[in-house]
Amino acid sequence: MEKNAYKHMGIEQRRAIECGLNDKRSLSGISRQIGFDVSSVRREILRNRREDGASGSRNKDKNDCAHLKSCAVRGLCGSGCDRRLCRRCELPCQAMGCPLYAARTCRTVEKAPFVRNACGRYGACTLSRFKYSAENADATSRRRARESREGVDLTKEEMDELVGTVRDGIAKGQSIHHIFETSELPCSERSFYRYVEDEKVPVLAIELAKKVKYKKRRRKAASHPGGLYEGREYDDFLELADEERACATEVDTVLGKRSDSKCILSLHRVDLHFQIYLLLQAKTKEEVVKAMDWLEACCEDPDTGENCFGELFGLMVPDRGSEFDDIGGMERSASRPGRKRACCYFADPSRPDQKGACEKNHVELRKILPKGTSLDAMDAATLSDICSHVNSSIRKGCGNASPFMLAQLVFPRRLLENLGLRPIPPKDVVGAPGILYRPDGADA
């Protein structure tokens, strides 16, 4: 019969072992019956047998020395009875401190089958008794497995290293996934979360990043001239080939305080999880077109004159905000008059999920620039630095790489340099407010 390698015994196999022991079957015979190796059967019996101790029989010998029948020791008590064997004395050998004393044991439990299930004198035996019971063995095995998983399987030094590394990363605003992917820690990410839930590590759940809950906003009805989005609606976007839609760039704006004039234009390449931030002096369609023109200029190779804007950002999906009303200005090329640089398709009203990747990535930006942070003191260099940190964070969706790593495979190096973007070492990634930017303009 094929052996059940790498499998655990269940109650049925244990019942078969008990029946075999009761019927005086050999361990090899039991092994063939249940399909486990004979060493596994031997180990099962020794680990999970039940010790019942000696019986309380009245016929129990006071002297249980293993050498009782052949011992010739005399004069242990010092009373001068040298002619009498000590083993015939009323005092037991262990009480007299005999140096040759050894407790008598049952030979049956010292070798296979290691238990006395089939012994006819089990109830009256005065020696230490062992018996195998399927139910008791199953309960013992389950208890042992449960106890082995309890507690924290870390030394004090490993725990200190774990807590110190996690706290340091949290202070910088790094995600737990980023911390574990960039550090050699003594446990897995999932184990760490379990330790936190069970309150077994001195890191409170409140210190970890929480889910952000948004209230449903009351939006004003958009007032756009009829036919403005004809041929450019989201349904038209869905009719495109999957390969084209996979490389789309979702476009949106990020606001600061209500009183601010400045805002941020974000362009998110869905397939790369890579997001570019451009600073706008005002939330107007003129500023959006000016930013697109500047980005197109950054995409031009000064040596060959070739421009990669259309290849990288040729398919854009903005929302229907008023800042994106100049569709012609967004689509036409500034460096090549009369030619088109991009095609725009607009998400439906009140459907942020249609450009959900961009909205989701704004969570990373909001870790550094929380809602309500004033942007009027922001400059382009600071925003480029923030963009570098956001894109250098390790993401599961990127195959445990950072968006910047993926972008370097697609974006020309000159474009990233023109945008002021650079990869941040994993240990130095910041995702907390007040470090990279302070609205009051003070040094961070």
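Analyst: What follows goes from the sheet to its helices, then to the rings and the cysteines.

The model is predicted. The protein has 18 helices and seven strands, and 41% of its 444 residues count as buried. Of the contacts between residues at least 6 apart in sequence, 67% join residues at least 24 apart.

Five of the strands make up an open sheet of mixed pairing, in the order S5-S4-S3-S6-S7. Its edges are S5 (274-280) and S7 (343-344); each has a single partner strand, so one side of each is without a neighbour in the sheet.

Strand S3 (249-254) is touched by helix H15 (residues 356-368), which packs on the sheet and also touches S4 (263-269) and S5. The direction of H15 makes about 45° with that of S3. A further helix, H16 (residues 380-390), lies across S4 and S5 and runs at about 165° to S5.

Within the sheet, S3 pairs with S4 in the antiparallel sense, over six bridges. In that pairing Thr 249 stands opposite Arg 269 of S4. The pairing of S3 with S6 is parallel and has two bridges, with Glu 250 opposite Val 317 of S6. S6 (residues 315-317) in turn pairs with S7, again in the parallel sense over two bridges; here Met 316 stands opposite Cys 344 of S7.

How much of S3 is buried? Six of its six residues are, so S3 is largely enclosed by the rest of the structure. The side chains of Thr 249, Val 251 and Thr 253 point one way from the strand, while Glu 250, Asp 252 and Val 254 point the other way. All of these are buried, the charged Glu 250 and Asp 252 included.

Next come the rings. The structure holds nine aromatic pairs. One of them joins Phe 309 and Phe 313: the ring centres are 5.4 Å apart and the planes stand at 50°, so this pair is tilted. Both residues belong to helix H13 (residues 309-313), and because they are four residues apart there, about one helical turn separates them. Phe 309 is buried, at 0% relative accessibility, and Phe 313 is buried too, at 1%. Phe 274 falls within the range of edge strand S5 (274-280).

Two arginines sit over aromatic rings. Arg 341 lies over the face of Phe 309, 5.6 Å from the ring centre, so Phe 309 takes part in a ring pair and also has this arginine over it. The charged end of Arg 320 is over the ring of Tyr 229, at 4.5 Å from its centre.

Last, the cysteines. A disulfide is a covalent bond between the sulfur atoms of two cysteines. The structure holds zero disulfides. For Cys 299, the closest cysteine sulfur is that of Cys 308, at 4.2 Å, which is too far for a bond, since the cut-off is 2.5 Å. Cys 299 is buried, with a relative accessibility of 0%. Cys 263 is likewise buried, at 1% relative accessibility.

Definitions and conventions: Residues numbered from 1 in each chain as written. Predicted model: local features only at pLDDT ≥ 70, side-chain atom pairs only at ≥ 80, totals over all residues. Heavy atoms only, no water. Buried < 20%, exposed > 50% of the residue type's maximum accessible area, 1.4 Å probe, protein only. Pairing = 2+ DSSP bridges. Contact = heavy atoms within 4.5 Å. Axes fitted to C-alpha atoms, helices over the stretch in contact; angles between N-to-C directions. Phe/Tyr/Trp six-rings, centres within 6.5 Å; stacked < 30°, edge-to-face > 60°. Lys NZ or Arg CZ within 6 Å of the ring centre and 35° of its normal.
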